[in-house]
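Dear colleague,

Please read them with the coordinates open beside you.

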Amino acid sequence: MIRKTPIVLALILLFAASGFAGTKALKGTVKVDGSSTVFPITEAVAEEFGMLKEHRRVRVTVGVSGTGGGFEKFLAGETDINDASRSIKPKEIDKAKRNGIKYIELPVAYDGLSVVVNKMNTWVDYLTVAELHKIWKPGSSIKTWKDIRSSWPDIIIRLYGPGTDSGTFDYFTEVINGKSQVSRSDFTKSEDDNVLVKGVAGDKGALGYFGFAYYNENKDKLNIVPIKQGNQKPIVPTMTTINNGSYAPLSRPIFIYVNLLSAKKPEVREFIRFYLKHAKELAREVGYIPLPDKEYQKYLQAFENDTLTLTQR
């Protein structure tokens, strides 16, 4: 038997006590909901977070209600964090003020909305922003691919896109149709991007749009469409073109919103800290474009020092 000196015993007790205290302090539930676009990053962060021994008593739940649906829960105080593929809207800011919800906005990555077609579509070389508007505007008369360009086949075009609670829908309609939520309504819509992938992949005449990560994950099933703006050449969304802004106008930042009251809870605070420290590699891993290192460091430092405050605009 190894004889334990008083110093050794003291050290053992000290480490045991600190370990117990740390484990005891970090427990509870972190509730996240919101954007299906941001979901892959948050889910990846939650999985990595939960793999650490000191986090095993923390349960992170990640829902997918769409950005708008997520904000409804967040502004009712039902969740700690909202995944958002757009910035908070003025009417949501007003609701936050009425409900006494204070929050911070944290950009976590860049995304490029991807316009996709079926693998059997051999005729689309690119689409212009003007053609996208012609297709998606309210009251659009586009029914076949031939209606877009006369050289294209007389095949019925079936449209797939995010539901109206989606931040992706908000962003796409704003940049393509000039106003958020303004769109033709006769398309297959879903808050779940996997449903859209399946729809486009199974329909020769299909055209759809969703976040770049979902195309990246399913590029063996879909063809991506280069987008042409004005006199510029058609641009394909890639890590480079999204990050440098040349994939316009369909590039955007994506966010998480954190309830400031929730951020005082140790388990939520540690999750946000972990998120900002690991967002770079996990964003890239799931197909998004990370922010520059200095941006993550800036937000992390401000979060640690409690100097990051949004900003009730």
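**Helix packing around H10**

H2 passes H10 in a right-handed crossing. Please keep in mind throughout that this is a predicted model. The axes of helix H2, which covers residues 39-51, and helix H10, which covers residues 266-285, come within 9 Å and cross at roughly 115 degrees, and H2 is therefore classed as roughly perpendicular to H10. On the H2 side the contact is made by Ile-41, Thr-42, Ala-44, Val-45, Ala-46, Glu-48 and Phe-49, while H10 contributes Glu-267, Glu-270, Phe-271, Phe-274, Tyr-275, Leu-282 and Ala-283. Sorted by class, the contact of H2 with H10 has 10 nonpolar residues, one polar residue and three charged residues.

H10 also packs against helix H11, residues 293-304, and here the axes come within 9 Å and cross at roughly 165 degrees. An angle over 145 degrees counts as roughly antiparallel, so H10 and H11 are roughly antiparallel to each other. H10 passes H11 in a left-handed crossing. The contact is made by Arg-269, Ile-272, Arg-273, Leu-276, Lys-277, Ala-279 and Lys-280 of H10, which meet Asp-293, Tyr-296, Tyr-299, Leu-300, Phe-303 and Glu-304 of H11. By class, the contact of H10 with H11 has seven nonpolar and six charged residues, and no polar ones.

**Two buried residues**

Asp-203 lies in the loop that runs between helix H7 (193-201) and strand S8 (206-211). Is Asp-203 buried or exposed? The cut-off for buried is a relative accessible area under 20%, and Asp-203 counts as buried because its relative accessibility is 11%. Its side chain reaches the backbone nitrogen of Gly-205 at 3.1 Å, and, when residues up to four places away in sequence are not counted, Asp-203 touches Asn-118, Arg-158 and Tyr-160.

Asn-259, by contrast in setting, has its place in strand S11, which comprises residues 251-259. With a relative accessible area of 7%, Asn-259 is likewise buried. Leaving aside neighbours within four places in sequence, Asn-259 is in contact with Phe-74, Thr-79 and Asp-80, and also with Ile-101, Lys-102 and Tyr-103.

Terms used: Residues numbered from 1 in each chain as written. Predicted model: local features only at pLDDT ≥ 70, side-chain atom pairs only at ≥ 80, totals over all residues. Heavy atoms only, no water. Helix = DSSP H or I, 4+ residues; strand = E, 2+ residues; numbered from the N terminus. Buried < 20%, exposed > 50% of the residue type's maximum accessible area, 1.4 Å probe, protein only. Polar contact = N/O pair within 3.5 Å; in protein donor to acceptor, adjacent residues only side chain to side chain. Contact = heavy atoms within 4.5 Å. Axes fitted to C-alpha atoms, helices over the stretch in contact; angles between N-to-C directions. Parallel < 35°, antiparallel > 145°, perpendicular 65-115°, else oblique. Left-handed = near helix turned anticlockwise from the far one by under 90°. Nonpolar A, V, L, I, M, F, W, Y, C, P; charged D, E, K, R; others polar.
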